[in-house]
Amino acid sequence: MTELEKNIRTEAERLLREGLVDVVVAFRKEDAPLRPQPAFFTRVEDLENLVYDGLCANNLANYLTRFPDETRVGMLVRGCENRSVNALVVEKQHSRENLTLIGIPCTGIIDWRKVVEHTGEDILGYEDRADALTVRARHQTYQLPRQELLHPSCQRCIHPNPLSADILLGEPLPEGDPAFIRERVESFEALTRAERSAYFKLEAERCIRCYACREACPMCYCEECFVDHNSPRWTESGTSPAGTHAWHIIRAFHQTGRCTSCGACERACPMDIQMTYLTDKLGKDMWDTYQFETGLDHKTQPPFAAFTLDDKKHFQAGGAQS
Amino acid sequence: MKYILPKHELTLLLERWSAGHAVLAPQKAGAYTEFLPFGAQSELCLEEPHNTRYPPKALFFPQSEAILKYKRNTGQLENIEVKPEKRIIFGIRPCDAKAVALLDTVFAEGENQDPFWLARRAETLLIGLGCHEPCATCFCTSADSGPFNTEGLDALLTDLGSEYLVELLSERAAGLFDGLAHASPAQQKSAQTAQTAAEHAMPKAFELEGLKDKLDRVFDEEIWAQLAQSCLGCGVCTFLCPTCFCFDLVDETQRDTRVRNWDTCMYRVYSLEASAHNPRPTRKERTRQRLMHKYSYWWDHAGKLGCTGCGRCVRYCPVGLDIRAMIRKAGAYESEVLHAN
Amino acid sequence: MEQKPKIAFFQCQWCLYAPEDQEWVDTQLPVNIHLIKVPCTGRIDPLFILNAVQGGAEGIVISGCLPEKCHFKEGNLAARRQLAEFSSFLDYVGYDQERVRFVWLDLQDRGRIQRELAEFERQLSKLSPAKTLATRIPLNEGGAND
């Protein structure tokens, strides 16, 4: 057990014992190798199963919408999770008063598939240390440098620190450079329209409509998703090009001003489909046009929930749109 | 009949088959392996520790398939006929082949037989490759199958190092291996040793004996709520599962086509009725449904276990849920809590 | 003879102030322009636009009232933000942004809609192909689907 895990358990125990929360949402140890799982802790005696390391790959804010507002939720949050929680509070999905955020400055989530790829082997176990990942594979043990194994969203992370945690465990880390995300979008924009289209189709058409991306995303909590609409039928539900294109375009678009670039969607996808290049473009536009960044606080309305007559400056009255 | 196929002659053999069949074999597609048409440029992926990501059931039961067209103004229907070419699926693993045979009970038996499934099955041969190094997420030996199980296969290859031992299993594949040398008793023994070693290398995932009854007895217990807690309710496990077969029929009205798509019991809308009643209202009922279907109800409707232990659901669950652990816990609950009382 | 480009024309029902303009749209719209009348531009969901694009639309025209003149007060304000961003997003995945035109009309704009549509149609042929996302039209029509 690492120092940090110990501190998390101590904090979780305190919150439960003192009746400050009804549940602590965190992670428990893996059943399948490399896969610690999200878990809801309600009893102190279960906390011995609580773990935290770089293979804890899910955005826990996703589970917030499971709890009714009255439930006092304690939640482990890293940088992106805190911003997702803020975005959910803005959308009134839970009241801030009934939330206790245990903040962890984050050194990045390791992509388990990269671990498999690096070793080329069947993995049996691992240990995450600050600088390296020890991986026990079937034929040998490896020491792998952490940085190379991070999920791309984490390699581009701007806000590793939870921005509004109630309890902070660990020293704050230096903030990342917004250029990381911006540059990636700009280099895609620099491709020709035909190249962009070809890439989009190459990715989207592998989609098997499992909606793992949707279910892993904290901001996709609609009771009825647009894909469930039958009358009228705007999008196809199968794996045809029309269906898969529509799914990726519209799901990304519904995240405009709401996505925190956490990458949970890509990590959930069983077909390794790239998606953050879509939402990052929308995020960049929200910054450029409205100076808005998702989740920096739990009060500011996202751009599509607000509009003003002043928007006129983005349009020429009586002419083609700018 | 048992033959020997030297590894360096494999591609020649596949090329020979290609004269009369479309040959599909595991090849790299981006980051993962898929059954792709075998051609001159093909690079086979047979040594990987794990299986194709997408299940080969799709080769018989495509994820999205047009089954009917209609003329909008006249209501005239146009049947879609499937005329598949002759195919050989090479390198399919025993878990997946058994799964195809299991799906025969759904699509090819009884009163309602699926013409699309039947047409493709009739024209396809399955040539299997056994697994000499099962991976950490495999559990076929616990799921009434094994790394060299022969159910569903027309022939099975066992890797002996520099050659394969080929075991012919059906008449339909008889001509495919003409000209190959027969396997010597020593080579056959070698194969058997490799097979037994592979079977023993897989730890027991759970006790299958008596499992159905245990699960039936814990059906109403709260253990399911706990087991289902972190489940996202996505479709990864069901869509990657080689034995899942649920489907949805939709009329794509803008294309005047009726399409059959894979469906999943993990979605809320799967069991949502027009009245708004949902017999599986929460995650608990739906996650329980998946386990119960595979490990109990399949016995009821087909007299067989509905899972072949391929491990895809374990490997690709976005939240790391492990069906083996869930089964163990449900079984243990029955023994330690229910039974003890 | 070259085929005229298919255009999807989303018209807010209030924006054509001159009765003769509305009548022209209702009865004399060229056959290649498909009219979809909406109660307000605020009703236009990006899904409608995507649907039109996937159906082979080579141009999208959205006409509505001037920002401060919306019949429903703020409908067109919401539309502006969303639909402008959506057309930019469609460009990102390959559908030329120039194929989406917004026309905000005022009381004095008699006869303007006809001119806008005609000019838009002329300009379309100069743009990069629209078929890349047109997945719902059959292959022999130049579509991109299976």
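In chain C, Ser63(C) sits across from Val103(C), a residue of strand β4(C). That pair is a handy way into this predicted model, where local features need pLDDT of at least 70, side-chain atom pairs count only at pLDDT 80 or more, and totals for chains, interfaces and linings use all residues. For bookkeeping, residues are numbered from 1 along each chain as its sequence is written, while chains are lettered from A and ligands numbered from 1 in the order in which they are written. Element names follow DSSP runs, numbered from the N terminus: helices are H or I with at least four residues, strands are E with at least two.

- Strand β3 (residues 59-65) of chain C runs parallel to β4(C), and six bridges join them; strands count as paired if DSSP finds at least two bridges between them.
- Is β4(C) mostly covered or mostly open? Strand β4 (residues 100-105) of chain C is mostly covered, with six of its six residues buried. The cut-offs: buried takes 20 or more other C-beta atoms within 10 Å of a residue's own, exposed takes 12 or fewer, and partly exposed is in between, with C-beta atoms placed from the backbone.
- Both faces of β4(C) are covered, with Val100(C), Phe102(C) and Trp104(C) buried on one side and Arg101(C), Val103(C) and Leu105(C) buried on the other.

**Where chain A meets its neighbours**

- The contact between chains A and B takes 31 residues from chain A and 35 residues from chain B. Contact means C-beta atoms, placed from the backbone, within 7 Å.
- On the side of chain A that touches chain B, β2 (37-41), β6 (123-128) and α8 (212-216) of chain A each supply at least two residues, and β2(A) gives the most, with four residues.
- That side of chain A divides into 15 nonpolar, six polar and ten charged residues. Nonpolar covers Ala, Val, Leu, Ile, Met, Phe, Trp, Tyr, Cys and Pro; charged covers Asp, Glu, Lys and Arg; the others, Gly among them, are polar.
- The contact between chains A and C takes 34 residues from chain A and 36 residues from chain C.
- Here α7 (193-204), α9 (241-253) and α11 (276-290) of chain A give two or more residues each to the side of chain A that touches chain C, and α9(A) gives the most, with seven residues.
- By class, the side of chain A that touches chain C has 18 nonpolar, nine polar and seven charged residues.

**Helix packing in chain A**

- α9(A) and α11(A) pack at an angle of about 35°, with their axes 9 Å apart. Axes are lines fitted to C-alpha atoms, for helices over the stretch in contact, and angles run from 0 to 180 degrees between N-to-C directions.
- Which residues meet? His248(A), Ala252(A) and Phe253(A) in α9(A) meet Leu278(A), Thr279(A) and Leu282(A) in α11(A). By class, this contact has four nonpolar, two polar and no charged residues.
- Over in helix α8 of chain A you'll find Arg214(A), which is buried, with 22 other C-beta atoms within 10 Å.
- Setting aside residues up to four places away in sequence, Arg214(A) touches Cys220(A), Cys225(A) and Arg251(A).
- Arg214(A) and Ala252(A) are 38 residues apart in sequence and 9.9 Å apart in space, C-alpha to C-alpha.

**A three-stranded sheet in chain A**

- An open sheet of three strands has the order β6-β7-β8 (chain A), with antiparallel pairing.
- β6 and β8 (141-145) of chain A are the edge strands, each with a single partner strand, so one side of each has no neighbour in the sheet.
- β6(A) pairs with strand β7 (residues 132-137) of chain A over five bridges, in the antiparallel sense; the bridge partner of Gly125(A) in β7(A) is Arg136(A).
- Helix α3 (residues 112-119) of chain A packs on this sheet, touching β6, β7 and β8 of chain A, and its direction makes about 65° with that of β7(A).

**Strand pairing in chain B**

- Six bridges join strand β11 (residues 247-252) of chain B to β12(B), running antiparallel.
- In the hairpin of these two strands, with four residues between them, Asp256(B) takes a positive phi near 50°.

How values were computed
Two residues are in contact if their C-beta atoms, placed from the backbone, lie within 7 Å.
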